[in-house]
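The sequence and the structure are shown first, and the description follows.

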Amino acid sequence: MKFNYLRNIALGAVALGSLFSCEKDDDNDSDPFNFGDSKIVVIGHKVPDTDAVTSAMAYAEFLRSLGYDCEARVAGPLNKETTFALDTFGIKAPEVLTSADGLNVVLVDHSEYAQSVDGMKNAKILRVVDNHVLGTVTNAASYDTTRSAGSTCTIVYNNFKEKNIAINKQTAQLLLVGILSDTGRLKVTKSGEKDSVAVYDLLSIAGVNDLDAFYLRMHEFADSYEGLTDAQILVSDIKEYERAGYKYGVANVDVDYDVYLEDMRNRMNAVMPEYMKANNLDLMFCKIDADTLDCSNVIYMGENAEKIADQAFLNMGVEGVSSEKKDGYIYITPHVSRKTVIVPRINEALDANAKE
Ligand SMILES: [Mn+2]
C-alpha cells in the first residue's frame, strides 16, 4: 500500500530488489486497485435513476469485500421507481452528497462533470465505472467502461464474477433492479447477452420468483408523472453535457399514448426556457417517446438549436431508422436511445459548429 511504500522509501537502506517485490505482493493482497487506504465514496449522477443509485451501492459493497473503506452516496433525491425498488426489498437509501470537494471518489453511471455533484473537479477520482460514451471526466486514475453493457450494474455484476466474489442477496437485488430499469426489462434495443446472463443469474439470489410481475410493478412507478408539474416532468430524467464550448441538456419524457405527444411537446416547450436560464444552458433538447407508437419526438431550443438538430437528426444514415422534420421538432422512428444515438449525434454536430 502507498503508506507502506513511503515508509519503505523513508527507511532508505532496504535493498531495491526486495523493496519492489515486497511492494508488489502487498498491493495484490490489500490494495488490488492502488486506491490507497483513505475512505472512498461511490456516487452516480445528478437526477439519479435506479442504475445510478444501485450500481453505486453494489460497487461500494464490491470494494468493501476487497477490504476498502467505502460508502455509497447519491447525487440527489431518489425517483419513484428507485424508491419503490428499495422499499420492496427493505433496503435503506444512501445519503445525499452535496459536495465532492476533497473526497476520494469512484464515479458510476456517468463521466460528465456537468452531471456530477458540485465540487467534483476538486475530488480525487479513482475510477469511472460506466457504460456511456466518455464525457468530460478524462482525468480519472482508472476506467472500467464497457459500452456494450446495458447498464452500469451489468459491469458491476461482472466485477464480482471476475474476482470470484459471492454476491449476497441484497447486492443481487440492487444489481437486478438497476439492470431491469436501464434495459427496460432486457429490451433488445437496450440490452445484450451480458445483461440477460446477469439477470437470470441474479433472480434466484435476489429471491425474485416472478420477473414479469415484479417488473410490471416497477415500471408503473417509473412512468407515473402523477402529481408532478410540467417543470418537474421535464427534469425527472434530464442530463447535462459540455461539448465544443456549448453547455446543453437532454431531457427524456415518456407518454403512454401517441395522442398525447403534441400536448407533451407544447408543455415541455413552455417550461424549457426557464430551465435553460436557471442552469445556464446554451441549448436544450427534449426527447418524447410514446409507448403505443414506436417513435421519438425531439424538440430543441437555444443557440444554433435548429441547425444542430437538423445536422444531428436528419439524414441520419442509421440502418432501420428514419427521421423527418416537422413543425418545430424532429420525428424519428423507431424510438432512439439518448445514450447511443441522441447524445453522440449532438456531440458530432456541435464539433462541426464548435465555439472553441
Ligand atoms: Mn443513469
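How many residues of domain 1 are in contact with residues of domain 2? Twelve residues of domain 1 meet 13 residues of domain 2. The model described here is a predicted one.

## Domains and their contact

The protein chain is divided into two parts, domain 1 covering residues 40-220 and domain 2 covering residues 230-352. Between the C-alpha centres of domain 1 and domain 2 the distance is 25 Å. On the side of domain 1 that touches domain 2, six residues are polar, three are nonpolar and three are charged.

## The parallel sheet

An open sheet is formed by five strands in the order β2-β1-β3-β4-β5, and the pairing is parallel. At its edges stand β2 (70-73) and β5 (143-145), each of which pairs on one side only. On average, neighbouring strands of this sheet are turned by 20° against each other, with direction ignored. In general, the strands of a sheet pair through backbone hydrogen bonds, either parallel or antiparallel.

One of the pairings joins strand β1, residues 40-43, to strand β3, residues 104-108, in the parallel sense over four bridges. Here Val42 has Val106 in β3 as its bridge partner. Helix α5 (residues 152-162) packs on the sheet and touches β3, β4 and β5, with its direction at about 100° to that of β4. Helix α3 (residues 50-65) lies across β1, β2, β3 and β4 (124-130), and runs at about 175° to β2.

## The mixed sheet

A further open sheet has six strands in the order β6-β7-β8-β9-β11-β10, and its pairing is mixed. The edge strands are β6 and β10 (322-326), each pairing on one side only. In this sheet, neighbouring strands are turned by 20° against each other on average, direction ignored. Helix α11 (residues 305-313) packs on the sheet, where it touches β8 (283-290), β9 (295-302), β10 and β11 (329-333); the direction of α11 makes about 150° with that of β9. Helix α12 (residues 338-352) lies across β6, β7 and β8 and runs at about 150° to β7.

Both senses of pairing can be followed at β7. Strand β6 (residues 238-243) and strand β7 (residues 246-255) run antiparallel and are joined by six bridges. Along this pairing, Ile238 stands opposite Ala251 in β7, and Glu242 stands opposite Lys247 in β7. The two strands β6 and β7 form a hairpin with two residues between them, and Ala244 in the turn has a positive phi of about 50°. By contrast, β7 and β8 run parallel and are joined by eight bridges. In that pairing, Tyr248 stands opposite Leu283 in β8.

## Nonpolar cores

Which residues touch the most other members of the largest nonpolar core? In this core of 57 residues, they are Ile40, Val42, Ala56, Tyr59, Val105, Leu175 and Leu176. Helix α3 supplies the largest share of the core, nine residues.

Leu175 illustrates how such a residue is surrounded. With residues up to four places away in sequence left out, Leu175 touches Thr54, Ala58, Cys153, Val156, Tyr157, Ala198 and Leu202. Another core, of 36 residues, lies apart from the largest one and has Ala114, Phe285, Ile288 and Ile299 among its members.

## Asp289 in strand β8

Strand β8 is mostly covered, with seven of its eight residues buried. Asp289 is found in this strand, β8. Why does Asp289 count as buried? Asp289 is assigned to this class because it has 22 C-beta neighbours inside 10 Å, and the class begins at 20 or more.

When its neighbours within four places in sequence are left aside, Asp289 is in contact with Asp254, Ser296 and His335. Asp289 and Ala305 are 16 residues apart along the chain, and their C-alpha atoms are separated by 20 Å.

Key. Residues are numbered from 1 along each chain as its sequence is written. This is a predicted model: local features need pLDDT of at least 70, side-chain atom pairs count only at pLDDT 80 or more; totals for chains, interfaces and linings use all residues. Two strands pair if DSSP finds at least two bridges between them. Axes are lines fitted to C-alpha atoms, for helices over the stretch in contact, and angles run from 0 to 180 degrees between N-to-C directions. Two residues are in contact if their C-beta atoms, placed from the backbone, lie within 7 Å. A nonpolar core is a set of buried Ala, Val, Leu, Ile, Met, Phe, Trp, Tyr and Cys residues joined through C-beta atoms within 7 Å. A residue is buried if 20 or more other C-beta atoms lie within 10 Å of its own, exposed if 12 or fewer, and partly exposed in between; C-beta atoms are placed from the backbone. Domain bounds come from an automatic or database domain assignment. Ala, Val, Leu, Ile, Met, Phe, Trp, Tyr, Cys and Pro count as nonpolar, Asp, Glu, Lys and Arg as charged, and the others, Gly among them, as polar.
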